[in-house]
Amino acid sequence: MNRFLKFKAFAYFSSILGLLALSCSLAFGQAISGNLVGTVVDSSGAAITGADVTARNVATGVVWTGKTNSTGGYRFDNLPIGTYAISAKATGFQTTTETVDVQLNKSGTANLTLTPGSASTTIEVAGMAETLDTTTAQIQTTYEAKMLEDLPTANLGVNTTTGLNLGVLNLSMLDAGASSTGGLGAGVGPSLSGERPRNNNFTIEGVDNNNKGVTGPLVYVPADAVANFTVLQNQFSPEFGHSNGGQFNIVVKSGTNSFHGEAYEYFQNRNLNAI
């Protein structure tokens, strides 16, 4: 009987730990992904209920499916960042496909308009739709892979303002409200909204990247390995409750269905510097 009670207690506590682990994984979902919301309407602007909506990751081919609700709205949560082909179809309407970007820590909005006709006919909207986040007043800046390549600040070995090797974190100095701490110190990294750097929070793929000794980032990710880098300044979700300063979130590039690679040479010479 005593052995049975011990086994019962062990099973009970194992279940509790399992639920806690599940809640943690759910809580940190948005830290490594983005959301996509929108409305499907007809040419007159009336909502289309029960339309089939799919989100296909262009790089990997993975597909998410859903249906519009009574107001024509759809929502895809925790999508891995990247480019998606969003398609909507309904009886009596032509299928419409639009390409959008899903960005880190952002709920993008992509509305679709269906035209009457055969569902077997597909209308593809050319160009990349701009996804605006209308779901929050959160102040944030997202730097995508193309921006990381084009902005040389991300590839500097040492930030000339802070004197630190911050990698892509240097880009946060371009944000409004971001500055160096000058000679104050009190942590490593930029100062956001007047907060000391030691109040910042750094994550990589949702994993804690805080150096407990000097209160700054523990690991610096090369710019070529970064897919999205996001700086959150205020009103962030409870999942970012580690600190009351800025939230510096990085996700690394993932594999695709196409063979690809990169090669580069990093060269610095003081004779090439501007005077």
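Two strands pair if DSSP finds at least two bridges between them. Strands (E, at least two residues) and helices (H or I, at least four) are DSSP runs, numbered from the N terminus. This is a predicted model, in which local features need pLDDT of at least 70, side-chain atom pairs count only at pLDDT 80 or more, and totals for chains, interfaces and linings use all residues. Residues are numbered from 1 along each chain as its sequence is written, and side-chain values use heavy atoms, with hydrogens and water left out.

- Strand E2 (residues 52–57) runs antiparallel to strand E5 (residues 82–89), and six bridges join them.
- Thr-54 has Ser-87 as its bridge partner in E5.
- E5 also pairs with strand E6 (residues 95–102), in the antiparallel sense, over seven bridges.
- Tyr-84 has Val-100 as its bridge partner in E6.
- The hairpin of E5 and E6 has five residues between the strands, and Gly-92 takes a positive phi near 85° there.

- Two bridges link E13 and E14 in the antiparallel sense.
- Thr-203 has Asp-208 as its bridge partner in E14.

**Asn-249**

- Asn-249 sits in strand E18 (residues 247–252).
- Asn-249 counts as buried because its relative accessibility is 0%; buried means under 20% relative accessible area, exposed over 50%, and partly exposed in between (1.4 Å probe, protein chains only).
- The side chains of Asn-249 and Asn-105 make a polar contact of 3.0 Å. Such a contact is a pair of N or O atoms within 3.5 Å; within protein, one must be able to donate a hydrogen and the other to accept it, and residues adjacent in sequence count only if both atoms are side-chain atoms.
- Leaving aside residues up to four places away in sequence, Asn-249 touches residues including Leu-104, Thr-203 and Phe-240; contact means heavy atoms within 4.5 Å.

**Lining of the largest cavity**

- A cavity is a set of points on a 1 Å grid over the protein atoms alone where a 1.4 Å probe fits but cannot get out, and lining residues have an atom within 4 Å of a point.
- The largest cavity is lined by 13 residues, and Leu-169, Asn-209, Val-219, Val-221 and Ile-250 lie nearest its centre.
- Strand E13 (201–204) and E18 each supply at least two residues of this lining.
- E13 gives the most, with three residues.

Definitions and conventions. On a 1 Å grid over the protein atoms alone, a cavity is a set of points where a 1.4 Å probe fits but cannot get out, and a pocket is an open set with protein on both sides within 12 Å along at least five of seven lines; lining residues have an atom within 4 Å of a point.
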